[in-house]
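Here are a few friendly notes to read alongside the structure. Please take a look at it first, and then go through the points below.

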Amino acid sequence: MSLVAEAFVSQIAAAEPWPENATLYQQLKGEQILLSDNAASLAVQAFLQMCNLPIKVVCRANAEYMSPSGKVPFIHVGNQVVSELGPIVQFVKAKGHSLSDGLDEVQKAEMKAYMELVNNMLLTAELYLQWCDEATVGEITHARYGSPYPWPLNHILAYQKQWEVRRKMKAIGWGKKTLDQVLEDVDQCCQALSQRLGTQPYFFNKQPTELDALVFGHLYTILTTQLTSDELSEKVKNYSNLLAFCRRIEQHYFEDRGKGLRLLLLTNLERIYLKSRSIKNRPNGSVKMAYLRRTYRE
Amino acid sequence: MAAPLELSCWGGGWGLPSVHSESLVVMAYAKFSGAPLKVNVIDNTWRGSRGDVPILTTEDNIVSQPAKILNFLRKQKYNADYELSARQGADTLAYIALLEEKLLPAVLHTFWVENDNYFTVTKPWFASRIPFPLSLILPGRMSKGALNRILLTRGEPPLYHLQEVEAQIYRDAKECLNLLSHRLGTSQFFFGDMPSTLDAYVFGFLAPLYKVRFPKVQLQEHLKQLSNLCRFCDDILNSYFRHSLGGKLAPLQLSFICVEYLHILLGLYKQNSLLIEEVCALSLNAGL
């Protein structure tokens with residue numbers, strides 16, 4: 001959108017209060033949505049919960065194409081459609097709700113810097129793992145991405161998306177990285193987040209901000225998504241304060257509000273059970289079964 | 001370490017030791033941490049490679065990207081972050097990510113994509129430092145790489161259009177510069193009195209933007225209004241890079257300075273004494 005159009009939209013946004021029927025669109029939960037999109041969607045949901053704004057989650061197979069910028073999730077509020085966390089935060093701010101008003105300039109700079117860190121490292125690592133790691137691509141991503149479409153469209157779309165993501169990885173210099181290097185980057189990022197969080201309940205002490213929502217979205221998704229190997233979630237599990245942080249936000253903003261992210265963080269017993277029914281033993285037809293074992297109660 | 005560390009990188013101009021951001025980051029870090037680095041400037045002979053610059057060569061290792069080079073130097077005990085706390089180290093990573101996501105697209109656009117700038121300044125400069133047949137190809141390839149990077153990271157698939165993203169990336173870059181300025185405040189470096197990795201990165205990204213003279217300068221104008229960032233760049237140039245500049249003054253730089261002097265002298269009738277200070281500052285910078 002051009003700058004003039006954006007200014008116009010935010011004027012209109014400021015005029016109306018938040019409606020009751022605001023909806024958030026994402027891809028199909030059980031069968032289609034991928035790790036990175038799920039993380040983004042959860043981050044937006046967490047942010048809206050933190051602002052106390054009601055939102056209804058609707059799953060559509062073509063959510064990616066409906067979105068104005070090509071990225072999920074997007075929200076449909078009144079007459080406007082806004083996608084991605086950054087613009088959504090600004091849109092919500094134009095309506096008069098903001099989580100970061102109490103921060104001074106230096107803290108706002110820090111918050112934006114950490115949000116970029118998460119986008120730069122965690123999100124890119126998730127995309128790399130999904131689309132550039134052969135094992136994951138073959139077993140999980142291709143099947144999930146094209147699952148709502150008939151043959152041959154499912155293969156074509158999946159290959160097209162893979163080509164696009166690989167181009168982007170090459171352009172930013174991640175094309176030549178190995179999986180181990182990517183996991184090391186994830187570890188560094190988690191270490192930085194853990195050190196910044198320290199023993200505080202949220203990143204900026206008492207009140208959560210959009211940074212907390214974003215970090216929660218990514219970490220929770222990484223911890224609860226089952227991939228071909230556990231290395232990614234192991235990296236996050238090394239940091240106990242990040243685990244406690246995710247638990248705290250889940251409890252406070254999802255369970256208590258009755259929005260129930262029903263599957264809580266995997267306990268040891270569940271992990272042993274899952275390992276014994278490893279993915280490789282499943283027949284091919286069961287790929288469409290829920291990889292993400294949680295359901296959102298709407 | 002006994003083994004000599006050699007860095008090959010793009011050369012300097014306009015008062016900078018190097019015009020290329022990544023090379024400048026590595027050079028600045030080496031100065032801050034005291035690493036003895038022998039700098040081989042790429043010129044238009046066929047010696048040395050031009051891809052993936054800057055490249056650090058030791059006896060048995062070749063390391064290529066700035067992040068990897070800095071890691072290598074730290075392992076060799078040249079560590080500029082020794083006194084930082086864990087949280088400051090985390091802040092460093094976060095701010096570097098901010099620079100790469102928000103500022104880098106606009107810097108790439110100013111240098112490589114904006115037609116006026118590219119054809120009058122960047123392309124001739126790089127072409128003069130690349131041997132003949134390659135000088136027709138390589139700058140074009142670097143420009144396409146920059147455009148690609150901007151579009152793939154900021155554009156909207158499947159039709160990538162530059163016009164849609166131009167306004168957005170410049171807005172983001174200005175916001176990033178404001179954030180850096182707030183964070184720097186009035187202190188000399190980002191973390192106290194000693195420069196660290198973050199200072200090297202910020203210097204590497206800002207100094208070319210600040211010093212290189214372009215026809216289309218909207219981002220440069222914005223940067224010049226943030227006086228603490230300009231002061232930051234000038235301080236580092238004066239304290240750490242004076243000797244490498246003062247010795248040999250390229251003819252091009254000398255002619256720029258002569259033109260500046262004439263310009264100032266002609267204007268001296270109308271201007272006040274501030275100009276005399278400018279002249280003194282200019283001559284100090286040139287090391288005369």
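This is a predicted model: local features need pLDDT of at least 70, side-chain atom pairs count only at pLDDT 80 or more; totals for chains, interfaces and linings use all residues.

1. Across the interface of chain B and chain A, the rule finds three salt bridges.

2. Polar contacts deserve a look too: five residue pairs make them between chain B and chain A, with both partners at pLDDT 80 or more. On the side of chain B that touches chain A, α3 (86-113), α5 (132-154) and α6 (162-184) each supply at least two residues. The largest share of that side comes from α3(B), with 12 residues. Sorted by class, the side of chain B that touches chain A has 12 nonpolar, five polar and 10 charged residues.

3. How much area do chain B and chain A bury between them? The figure is about 2600 Å², 57% of it on carbon and sulfur atoms. Of the area that chain B buries against chain A, R87(B), L93(B) and L152(B) supply 20%, more than any other three residues. In residue terms, the contact takes 25 residues from chain A and 27 residues from chain B.

4. Is Q90(A) buried or exposed? Its relative accessibility is 53%, so Q90(A) counts as exposed, the cut-off being over 50%. From C-alpha to C-alpha, Q90(A) and Q107(A) are 17 Å apart in space, and they are 17 residues apart in sequence.

Notes
Residues are numbered from 1 along each chain as its sequence is written. Chains are lettered from A and ligands numbered from 1 in the order in which they are written. Side-chain values use heavy atoms; hydrogens and water are left out. Buried means under 20% relative accessible area, exposed over 50%, partly exposed in between (1.4 Å probe, protein chains only). Contact means heavy atoms within 4.5 Å. Buried area is the accessible area (1.4 Å probe) that two parts lose on being put together, summed over both. A salt bridge is a side-chain nitrogen of Lys or Arg within 4 Å of a carboxyl oxygen of Asp or Glu. A polar contact is a pair of N or O atoms within 3.5 Å; within protein, one must be able to donate a hydrogen and the other to accept it, and residues adjacent in sequence count only if both atoms are side-chain atoms. Helices (H or I, at least four residues) and strands (E, at least two) are DSSP runs, numbered from the N terminus. Ala, Val, Leu, Ile, Met, Phe, Trp, Tyr, Cys and Pro count as nonpolar, Asp, Glu, Lys and Arg as charged, and the others, Gly among them, as polar.
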